[in-house]
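Please open the structure in your viewer and follow the selections below in order, starting with one chain on its own and then moving to its partner.

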Amino acid sequence: MKNKFLFLLVLGVLTVGCEDELTIFPEDSLSEPTFFKTADDFEQAVNGAYVPLRQINNQAKPYLAEMHSDNTYYARNTAFGATEQQEDIADFAIPSDNGITANNWVGQQYVLDYQIIARANQILATIDDAEFDTSAKNNLKGQALFLRAYAYLELVQFFGSVPLHLVPVAGREDAALPLSSEEEIYVQIIADAGEAAQLLPPKSEQEAGRVTSGAARTVLANAYIVQKNWAGAETQLRAIIDSNEYTLMPIYADAFSGTTDNKNNMESVFEVQYKEGAEGLNGSFLYNFLPRPLTADEVGLITGTSNPQPLNGEGNNIPTPDIIAAYEPGDLRLEASIQYITASESFWRDGVYPIIKKYVEPHALNGNTGMNWPVYRYSEVLLFMAEALEEQGKSGEAATFLNEVRTRAGLGDASGDLLDAIYRERRVELAFENKRWFDLVRTGRAVEVITAYGNRIKATPNEYYYPEGVEPRANAFSNISLRYALPAAESSLNPNF
Amino acid sequence: MKKIYTSLKTLCVVFALLLWLPAHAQDKTITGTITSADDSLGLPGVNVVEKGTTNGVVTDFDGKYSISVSGDNATLVFTYVGFAMQEVPVNGKTQIDISMAEDATALDEVVLVGYGTQIKRQVTGAVQTIDAQELADIPVSQVTQKLQGKLAGVQINQTTGKPGQGMSVRIRGQLSVSGGSDPLYVVDGFPITGGIGALNPDEIQDISVLKDAASTSLYGSRAANGVVLITTKTGVPGETNISFNTSTGIQQVPQRGRIDMMDAVEFAQFKKEYYTDQGDPVPEIFQDPSQYEGKTNDWYDALLRTAPVQNYNLTITSNKEKLRSSMVAGFFKQDGVVINSDYRRYSLRANMDYLISDKIRIGLNVAPSYIKDNTPRTDGERGTGILFNALHTWPIMPIYKPDGSLTEFNRFPAETGNIFSYANWITSAKQIVNETKDVNLLTNAFLEYEPIEGLIIKTSLNAELYNSRYELFSPTTATSSINVPIPTDSRAVWEDTNDFSWLNENLATYTKSFGDHNFSLLGGFTFQKFRRDFNRVQASNFADDRLPTIQGAANIDRNGTYDRVQEWSLVSFLSRLTYNYKGRYLFTASVRSDGSSRFGSENRWGTFPSVSAGWIISDEGFMESVEPVSLLKIRASYGVTGNNNIGNYTQYALIDNTVNAAFGNDLAPGSAVTSLANPNLGWETTKQFDAGIDVSLFNDRVSFLYDYYTKNTTNLLYNVQVPQESGFSNFSDNIGEIHFWGHEFALNTINTTGKFRWTTNANISFNRNEVVALAEGIDRVYGRFHITKVGEPFGQFYGHLSDGVYLNQQDLDSSPQVPGRSTVGSIKLLDLNGDGIITNGGDDDDRAIMGSPFPDFTYGITNTIKYGNFDFSVIGTGSQGNQLLVRHLYSTANLDGVFNLVNDVKYRFRSVENPGRGFYGTTVGGGNVTGIERDWINDRFIADASYFNIRNITLGYTLDGVDRFFKSARIYGSIQNVYIFTKYWGGPNPEISVQPDGTGDGGNLSQGVDISGYPVPRIFSVGLNLNF
């Protein structure tokens, strides 16, 4: 009998203990109910929201915003296939069907921007209820708002109407939203950036590399400028200029970060932060912007690493003859922006190509760089200001801001039509910084400029890095549209487009 | 004959002992000797039971027995597996000697079912059993390899030839979108958490495969994929047996079936034509292809070798009085047919149980094993698997230097079109360490107690310990990637896995008969827990290739270095009622309730009921006159089972705390929510109906089995893709429905008896499935080359349909084109959406279903002949109507001349006048033109993979005149994978399915992709069986 009792006892204990035994939280990962409580949690979450910017600027955005313009092109390597994804972008030949495209880079840009937005939404949904120091909270909340505004500004400029997510997605039901109009998106960008500008500290009081009130005002001004709200832009830009937080670096080449030094310098308004090393925080965009094939030695000459590896495939974001010609004689920026390298195994001419010099900095290991990506520099604040003023007819003041930028470049005062001069100045001052395509679109010059550029490539392909006798593809420059088509993978999951 | 039934006989004893009852008043003792009618020798192990009671004994080694019975009116029942049952009334006798005759079908065989055993005749579910004896001669390491072709309704594929790996087992075509599809393996009652690849097949006594829901539902939330019950060896009652089995063989890869690649001359000729057609000067090395005559470097062949395989097993069983024990010691050693691959398994098993008193029995099984496995990185995509790399390396690239040593790496100048450098793959195979060392310990302990007559309470504690160490070390002198010059960076990965799983089961069985009503009731509860601790370290740049230690590495790669903990628990309650009336009308009902830590908090418990019924028509009076029919049984079952293979924490929104940022030069720890929570997440539910018929005719010379099943799996566990505008790519949910149905036939015939005894076992299975629904708003799920779409079978090959090439300008102008890319001579794809152009991507492009990895039917046939001392068997297996996607063609038919090519590229389009065979297109135009053909998946990649494989032929001879030393001795020779009849041209293995990273089979959503894998060898072996 004793045994039976023991047996029943064991049975009873096990049954009662069931629910506890069946609740197992992962030991190697935190889960949502326990997170988003402390200042530290929110700081980590904000840090996580910055992360997709690294991938965006390493490849997708330079292709979509710079190589998708007359500033850069690809260096055709006829020995190598599977290059359509990039070529389609540079050639304005992205296959699209009813506003939908399967292009990888288009999809990647879209997905990564929404990753930032989702992470920011998660923070913004919970931070007000968390209890910790107000100034720390404001700073973190401001960063989240900035990142959301910035991501939507990229999306709206690339795609136009996109879904507007402002709260965290809980499940499958609320994952797909209808497209919101560009106007609605801009209203949100302006609200978020405006609030961020109030919440964030100025640069001098912020940890270097994080966004600041100045950065938030720049995003706000940028949004106003796209919307041609010149007065709104002027207000924000003037606040930045008057804050005395920023000044131009005396030498143009010093505006750009090294692999470890000169990061977030006094000209820097917002940089995407990379870190050299084995932590996985590094960039490699320098490598993506080299013509190929390159031997290991040729790569080593450019990068100075101890273990250079050969590069194959096809090089992207190679400066065009057009951008090189756009520099005025005597412009110190030409030499700071473009250098020439030799690709001895190339089939094109003698294999001496121009490359983007801004991002060439010596570093330790192959493919692992720490250079930051310049998103907003103070010189752009000045040029934005010049443009906003000129558009309001305040030419005199506009010229002073423009000439401040020109002076550093070793040039005299601008001549001719001031607005054209500002546009030209933006092109060379901000060359290879992902500005060109957006500028062409917002100023209404895209179709005209790109059509002419396309005709030049088709007429003289050898000038544009095609080996002798190789012609541009038949569909090149067949699809010059002002907005990118939406990603096909998203379209198949969102019933609204 | 006797030996064949040894194991089943033992099971009978187990059954008898389970019913073993306390002695009650018995007043008469009967003794006697049982002999075989065949040879008049004593029959050991015969069950002698007093009819209507559970009082029984077993005959000793000489066939003698002694039993106390209740009186002169008693009747003794003599049963022995494989022999006809006899009933003899006592009628005052004190000695009863009988002679038993063989009965071919052994009607009272007992089979293992979930949580118990049942008389085979009375089984109402779809259960198939295999006696391990009939698998003994097949010289392979895994039991699943031996089962190929033996089981109706079970498709077993060898997806790669890597020693000790690569078996895919699917019962009744069951599959899932993302949950696992492997059956549940239960070893001696313990649902093990790993596979059974580590189990020495010689430890196995028999195997029951449970296919329908009535048989499996007692395994509840883990049963939907079917259950394989394995019993390990126990002794023959009354005997001590020592047997030693060994075999040794050589393995080689047959020439036939290898991919027909270009030799050096053909390749140089292709390159010459490539440049000529393009209008470019031909590089010097291709100007005279004939210079390469006899100078082909066959990289693929250089990686292969003829390799030995050996197997040794010593088995000792003893079953005397109260102690029953067995011990199996095994050593299996297989060198692979790819150089530097080898597999060793050392295994030991000790099983014992002991009758402490007449009411208590205890038992303990302990089975440790150690496996050491080194296989170069053979399988996987270009740049991952060295076999793929070797296949497409230029045949003019030298393997050896003039001095006979291996070349370091090969790269020709860029103007030759050689855009990648190639390491020496022989060096890669030899130098890259890719080693796994596994220690496995499986233990079962039980205590069985019978407090009152008919009630047996059993409690057991089972534990599984698994410890695995994986080491990858790639020195500076070797790589499995392409385009990496040597020397390169050395790198290493270490992985340690420690699993501990334990299970406590508490079961009570009560058996009782009232007149013709026979009941058995089972009730119990079980608790199982699993924990895995895993850690991984990835490092690179070692100071010295000879010292791949962590401290010797210059870099520890943070992204590849981490810890993981995986845990789950399962609490279950189960019960079953078995009832029969007169042993003729059969009924079983069961239910299991599972609570699992894997399920969401709102959906923690699942209930899995089943019912089944059977009618043995042949036992009815009206059938007695139908002489030829010895068994006619119809049966039907219905039940609900689950699949809980959903990962352990999928219900939670997890925070990834490695999403780090940098500010300035400082790392800033970052976190992000990386998955969406689903508190309603639960198991996959399968509802299955099965109807079957069992027929035996002509004194059991012919027996036939047929089963029809239909099942619907709902609540499929799936990471439903969500639009990434949400910030997430998927959401773990229970969605959709798949309908499966099929027919299974098995026919066993004894064609001749007597001295020349010939038997045939054949089976054929037809499995079908159709996707009924996916998630709301989602009617399709894309794999890399597949689509799963509502209204179609699961996981179909998806891509463009082609119609040759554009033959001329007129053809091009009048046909839909890929804008900017199609040219004369390029692949002509069909415009399926009718928009006038060819597009690739999105739901409304021009792709369609191109083929299916699922066969129309699979079949197996085994013929066994015994003539005098000779025995001979042939096993054949086949599959009809399935296709494979020849993925490696994206490199091996890359028209840009970058890689070596399949020979058929010779017959490509070269000009309007010389259009070739319309399969491969023009090389002119570079990637912009040729890329469509290789990058846009199309029907040229699809190949018929139907096959019939003569899987094994064995010829054995049992030696006479050895009685002084042995009880018996037998020698045999066997050939494994004798010949494959197939039209498949994509590679040597029509069963292949490998993932791009070279691990595992393709999984459910991407089955049947051939990216070139480890070939399955042909094995010639000889063996010896000795019984002492």
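If you draw a box along the principal axes, the C-alpha atoms of chain B fill roughly 110 × 70 × 65 Å.

Staying with chain B, colour by burial, and 52% of the 1028 residues come out as buried. Of the contacts that chain B makes between residues at least 6 apart in sequence, 68% join residues at least 24 apart.

Next, colour chain B by pLDDT, which averages 87, with 95% of the residues scoring at least 70. Then select residues 1-26 of chain B, where pLDDT stays under 50, although the model has 48 contacts beyond four places in sequence for them. Where pLDDT is low, the predicted coordinates should not be read in detail.

Now show both chains; the model scores ipTM 0.91 and pTM 0.81. The contact to select takes 77 residues from chain B and 80 residues from chain A. On the side of chain B that touches chain A, the largest share, seven residues, comes from strand β29 (residues 562-581) of chain B, and by class this side has 33 nonpolar, 31 polar and 13 charged residues.

Finally, select strand β1 (residues 30-31) of chain A together with strand β33 (residues 654-656) of chain B, which pair in the antiparallel sense over two bridges. Within this pairing, B:Leu654 in β33(B) is the bridge partner of A:Ser31.

Technical notes:
Residues numbered from 1 in each chain as written. Chains lettered and ligands numbered in written order. Predicted model: local features only at pLDDT ≥ 70, side-chain atom pairs only at ≥ 80, totals over all residues. Buried ≥ 20, exposed ≤ 12 C-beta atoms within 10 Å, placed from the backbone. Contact = placed C-beta atoms within 7 Å. pLDDT = per-residue confidence, 0-100. Helix = DSSP H or I, 4+ residues; strand = E, 2+ residues; numbered from the N terminus. Nonpolar A, V, L, I, M, F, W, Y, C, P; charged D, E, K, R; others polar. Pairing = 2+ DSSP bridges.
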